[in-house]
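Biologist: I am new to this structure, and I would like to learn how its charged pairs can be read.

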Amino acid sequence: TFLTNHVFDGARCDITKVLTPNFQVTHSFAMGAAASPSSYNFGTAFIGQQSFLSGNLDTDGNVQARANYAWSNTNVSKVQAQFSNTPGHSMLQMEQDYNGRDFNVNLKGVNPSVVDGTGIFIGSYLQSVSEHLALGAEAVYQRPTPGQQETTMSYVAKYTGRDYIATAQWQGFGAFSAAYYLRYSEKVDFGTEIQLLTAGGRREAVATVGGKFEFRRSTFRGQVDTTGKVSAVLEEKIVPGFSFLVSGEMDHGKGQSRFGVGMMWEV
C-alpha cells in the first residue's frame, strides 16, 4: 500500500521478455534521477517448482543474485549476494525459514565469517497464540570486528481480523512502531503507520497514511506523512502488457519535489 518501492523520479523503462513459462529476462533503463546517474540494468529470473533464481547486472558493474530452494512446503533456504566495486557495499546473506503448524522460525546471517566470527546474526520466532493473535521476538547479534559486539532484542504482536491487520513492535534501543492495514474492498486498500524513537533522549515521531485504489485500467497509490511529504504514483494500463507510470513527490518540510515518468512493457 505504501510507496516505498514505487515512487521514483526522472524517466524509467522496464521491458520484460518471457522466454519460457519458467524463465524471463528484464531490461531496465533509468535517467534523469536527482540522486543517481543514468543506468541500465539487465535481470534474469527462473521460477521452478521448488526453486527461485534471479540475478541483476548494472552498468556500474554491480551484481545482485538471489536463490531460494524449498526443501518442503514448510522449510525454505534463501541466499542473497551483492558484489560491488564500491568498498563496503558487497554483501552475502544466508537465511533459513521454517513454518510449523502454528509458529515460524527464521535464522539469518549477514556477511558471516567462519574465520573470526564476525557478521550480523538474526534469529526470530513467531507463535500463534489464538486464531487471530500472534506474538514474536527477534534477537540481533552484531559483531563487526572481533573486539566489538552488540545484542538487541525486539518484540512484536500481530492481530489479524477478517479484513484488517494490526501490528505493534518494540525494539530494545528505544524504537516503537505500530501499523494498521485495512482491506476496504477488493479494489481499495488503506494503511497507516506510526514510528516513535526515544533513544538517547530523543523524542521523534512520524505518522504515515497511504491508500491504494484499483480501477478498471489503472492503479493509483497515494501517501502523506507528518514530515510534510506527499507522494503519489499512477499506473495506467494502456493495453495488455503495457503500462504508463507517473510518479510525484513533494517534501514541504525540505522544500523539495521530484517527478518521474516511466513505462513497463511485457513481451
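Predicted model: local features only at pLDDT ≥ 70, side-chain atom pairs only at ≥ 80, totals over all residues.

Biologist: How many salt bridges does the structure hold?

Modeller: Side chains of opposite charge can pair when their charged atoms come close. A salt bridge here is a side-chain nitrogen of Lys or Arg within 4 Å of a carboxyl oxygen of Asp or Glu, and the structure holds 7 of them. One of these joins aspartate 189 to arginine 183, at 2.6 Å from N to O.

Biologist: Is aspartate 189 buried or exposed?

Modeller: Buried means under 20% relative accessible area, exposed means over 50%, and partly exposed lies in between (1.4 Å probe, protein chains only). Aspartate 189 counts as buried because its relative accessibility is 6%, whereas arginine 183, at 35%, is partly exposed.

Biologist: Which residues are linked with Arg258 in a network of salt bridges?

Modeller: The network links Arg258 with Asp9 and Glu249. Within it, the closest N and O atoms of arginine 258 and glutamate 249 are 3.1 Å apart; arginine 258 is partly exposed, with a relative accessible area of 33%, and glutamate 249 is buried, at 13%.

Note on methods: Residues numbered from 1 in each chain as written. Heavy atoms only, no water.
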